[in-house]
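Good morning, everyone, and thank you for making time for this. Please bring up the sequence and the structure, and keep both in view while I talk.

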Amino acid sequence: MVTSAHRIFVSHLAGVPVFDPNGDQVGRVRDLVAMLRVGGRPPRLLGLVVEVLSRRRIFLPMTRVTGIESGQVITTGVLNVRRFEQRPTERLVLGQLLDRGVRLVDADEEATVLDVSIRRLPARRDWEIDKVFVRRGRAGALRRRGETLTVEWSAVTGFSLEEDAQSAESLIATFERLRPADLANALHHLTPKRRAEVAAALDDDRLADVLEELPEDDQVEILGKLQEERAADVLEAMDPDDAADLLSELPEADKERLLALMRPDDAADVRRLLSYEERTAGGLMTTEPIVLRPDATVADALARVRQQDLSPALAAQVYVCRPPDETPTGKYLGTVHFQRLLRDPPFTLVGAVVDSDLPPLSPDTPLRAVTSYLATYNMVAAPVVDESGSLLGAVTVDDVLDHLLPDDWRETEFEESAHE
């Protein structure tokens with residue numbers, strides 16, 4: 001859980017140290033990256049520009065920030081050390097939003113931005129800019145002391161996107177509220193040139209979510225137009241099973257080149273999935289189910305289930321295993337279903353309520369048998385376990401449906417929705 005003050009002014013973050021979970025300093029904050037939105041809506045804060053010890057400036061997504069407090073930033077410890085490059089839809093908060101001239105809407109007078117504040121949205125991982133600290137008068141003009149005030153973002157004009165702009169950044173802002181599947185539909189109907197422009201402007205996590213919803217031809221086309229390092233970043237942000245499916249469509253040389261650019265742990269998961277036949281449990285599974293040790297509590301399990309980035313199918317159960325906790329795990333002990341977690345006291349150990357009667361799938365189980373398994377036991381996900389008893393991953397019902405539907409089902413859906 002991200003801990004922070006209710007509101008943080010960005011000037012207080014300039015130069016503050018960034019630490020990993022072990023307390024080791026990894027760098028310092030040099031700027032913040034935000035995305036402007038149409039209609040006067042507050043900008044979304046995408047992440048931080050961090051100068052690491054080698055003086056390289058990298059991008060740290062807000063999803064990997066676990067705490068902002070007491071003059072320091074705490075991260076998950078996972079940093080991508082590729083050099084930060086600003087994208088068309090992004091604005092540097094310290095470098096581009098401060099000290100600029102704006103206009104106060106109610107007073108219809110000029111003002112200068114001195115600072116802006118950020119806040120984390122309740123019950124979400126998203127951050128946004130919510131307040132603007134301004135001094136009345138245009139930038140550079142002589143001013144008397146005390147002519148300052150703090151206003152809502154919507155109370156000033158001068159750096160919001162215009163509704164009628166035709167740039168890729170305005171299009172991105174217009175698309176921002178769409179679900180990934182709906183944005184994929186919109187992208188599918190753009191021209192290849194426009195599709196590439198929009199894909200280049202999306203942040204890695206958003207583009208990864210959209211790629212997972214696109215037909216294979218569109219996926220390959222978009223990935224092929226990205227710079228290779230960016231393509232590797234996007235593949236890392238995708239679910240491993242979806243990344244494996246996409247890479248399997250590429251020529252062998254391209255596939256190996258992208259795998260070599262990915263982080264070793266992410267690449268290892270994808271390579272493992274690529275080693276299985278496509279229409280088997282091993283080829284269908286995700287390698288990132290919720291795994292807990294038997295001495296974890298029901299409260300621990302519910303905290304994991306509540307994570308916003310989990311799909312409903314993966315959040316429907318947790319898998320209890322001996323360490324190690326990452327797949328392939330130690331010995332698989334069984335499953336605890338979400339309903340059982342709701343019935344037992346928070347201090348109950350998951351090892352005491354585990355369902356060990358349900359047989360797991362083997363990685364070579366064919367698609368037809370996987371489908372029958374889910375239907376027979378009324379499950380939305382099923383564990384995949386190897387001969388040694390280690391949990392390899394979980395097959396979810398949405399992945400099974402992807403392979404049961406006709407190969408062109410996404411194109412058909414897109415065409416039907418375009419004519420409604």
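Predicted model: local features only at pLDDT ≥ 70, side-chain atom pairs only at ≥ 80, totals over all residues.

Let me begin with helix H14, which runs over residues 367-376. Which residues of H14 are buried? They are Leu367, Val370, Tyr373 and Leu374, and since these four cover an arc of only 120° around the axis, they are on the same side of H14. If you turn to the other side of H14, you find Arg368, Ala375 and Thr376, and these are exposed. As for what covers the buried residues of H14, the list includes helix H11 (281-284), strand S18, strand S19 (391-396) and helix H15 (397-404).

Now let us follow the chain onward from the helix. Just after H14 comes Asn378, which takes a positive phi of about 55°. Val380 then sits in the loop that connects H14 with strand S18, residues 381-385.

My next topic is aromatic rings, and here the count comes to two aromatic pairs. One of them is formed by Phe59 and Phe84, whose rings are stacked, with 6.1 Å from centre to centre and 25° between the planes. This pair links distant parts of the chain, for the two residues are 25 residues apart, with Phe59 in strand S6 (residues 57-61) and Phe84 in the loop between strand S8 (72-75) and strand S9 (90-92). Phe59 is partly exposed, at 26% relative accessibility, whereas Phe84, with a relative accessible area of 17%, is buried.

Finally, please find Asp217, which lies in helix H6, residues 216-225. Asp217 is exposed, as its relative accessible area is 61%. How far apart are Asp217 and Leu246, in sequence and in space? In sequence they are separated by 29 residues, while in space their C-alpha atoms are 9.6 Å apart.

Key
Residues numbered from 1 in each chain as written. Heavy atoms only, no water. Buried < 20%, exposed > 50% of the residue type's maximum accessible area, 1.4 Å probe, protein only. Arc of directions from axis to C-beta. Contact = heavy atoms within 4.5 Å. Phe/Tyr/Trp six-rings, centres within 6.5 Å; stacked < 30°, edge-to-face > 60°.
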